[in-house]
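Thank you all for coming.

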Amino acid sequence: MALDGCGQLCKCILILFNILFALVGFAMFGLGLWLRLSSQTRGFFNVDLNTQPFVIGVSVLIVLGAVILLVAVFGDYGACNENRTALGVFSCLLAILAGVEIVAGVLAYVRSDKVGEQLAEFYMTVYAQYVNKQDPSLTVTLSMFHNVLHCCGVVGALDLLVRKTCPDTSFLETLRLPACPTVILNLFESKAPLVMGLFLGTAAMLIFALVCSTLLSKEIQRSQSSPPPYILLSSSTVLSHPNPNQDPVFTPLPVIPVADAL
């Protein structure tokens, strides 16, 4: 089907967007499953509520990663095959995700202290189990915390127990690395608007992809409803009399493509 310039642009944007979206979803889903099925962390899901922040965090990673992967599959299939049904499902799921992002951003701003405490508890749980078990999945999780937040352990740069997971910086910069629980609490207390802005920015990206999906779906519908590139020279028939004693023979005129007719 022939799409115009806008349709082709939206198609390319959706394909690239969903490839990146699938990579993010796969990383979240894989890390969540790794933590869930790891021999060192599996017991968290069968013990008391002291590990509730960890259980909630891992569950969110698994569920959200699976949903993102599903959205990316529908989006790429619909864009590559110009399938309006798949694009419709993609748009519905994307609208739900955008709504969840907006609600999460508002809650992170309104209840920033509670969210910060839960995330700090999640970090402390991962930290304690890493010190005791040295599980590879916990190593990856701690490294992500330390490099994203630019912090190190629970006492800062002097925390030698997790030093190998901390940011690889110079000696002087290493001495200035703060403790991660303090960074997390300060992030949600003093920079709550910034956290909300990150959520709303992500929601804006999802809405942009939703607009592209809607435009592409309309372009596909338009191209499907347009007439084929053929013209009929005449709807009448030619009457010939090869023999006076025979019945008249009606011969229809051929249908000629536009390109040949021109």
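I will begin with how to read the model, then turn to the helices, the core, the disulfides and one lysine.

What you see is a predicted model, in which local features need pLDDT of at least 70 and side-chain atom pairs count only at pLDDT 80 or more, while totals for chains, interfaces and linings use all residues. Residues are numbered from 1 along each chain as its sequence is written, and side-chain values use heavy atoms, with hydrogens and water left out.

Let me start with the record: an unreviewed UniProt entry lists residues 12-34, 54-74, 86-110 and 194-216 under "transmembrane region", with positions in the numbering used here, feature names shortened, and annotations that may be inferred rather than shown by experiment. In the model, residues 12-34 are 100% helix and 0% strand, with end C-alpha atoms 33 Å apart, and residues 54-74 are likewise 100% helix and 0% strand, with their end C-alpha atoms 31 Å apart. Helices here are DSSP runs of H or I with at least four residues, strands are runs of E with at least two, and both are numbered from the N terminus.

The buried residues of H3 include Leu87, Phe90 and Leu94, where buried means under 20% relative accessible area, exposed over 50%, and partly exposed in between, with a 1.4 Å probe and protein chains only.

Which residues have the most contacts inside the largest nonpolar core? They are Leu14, Phe21 and Leu94, in a core of 45 residues, a nonpolar core being a set of buried Ala, Val, Leu, Ile, Met, Phe, Trp, Tyr and Cys residues joined through side-chain atoms within 4.5 Å. Leucine 14 touches, among others beyond four places away in sequence, Leu87, Phe90 and Leu216, contact meaning heavy atoms within 4.5 Å.

Now to the cysteines, where a search of the whole structure finds two disulfides, each a pair of cysteine sulfur atoms within 2.5 Å. Cysteine 151 and cysteine 180 form one of them, with sulfur atoms 2.0 Å apart; because cysteine 151 lies in the loop between H5 and H6 and cysteine 180 in helix H7, the pair ties together parts that are 29 residues apart in sequence. The other joins cysteine 152 to cysteine 166, S to S 1.9 Å, and its torsion about the S-S bond is about 70°, so this disulfide is right-handed. Cysteine 152 is buried, at 0% relative accessible area, and cysteine 166 is buried too, at 8%.

Finally, is lysine 164 buried or exposed? Lysine 164 is exposed, because its relative accessible area is 67%, and it lies in the loop between helix H5 (136-149) and helix H6 (171-175). Leaving aside neighbours within four places in sequence, lysine 164 is in contact with Tyr130 and Gln134.
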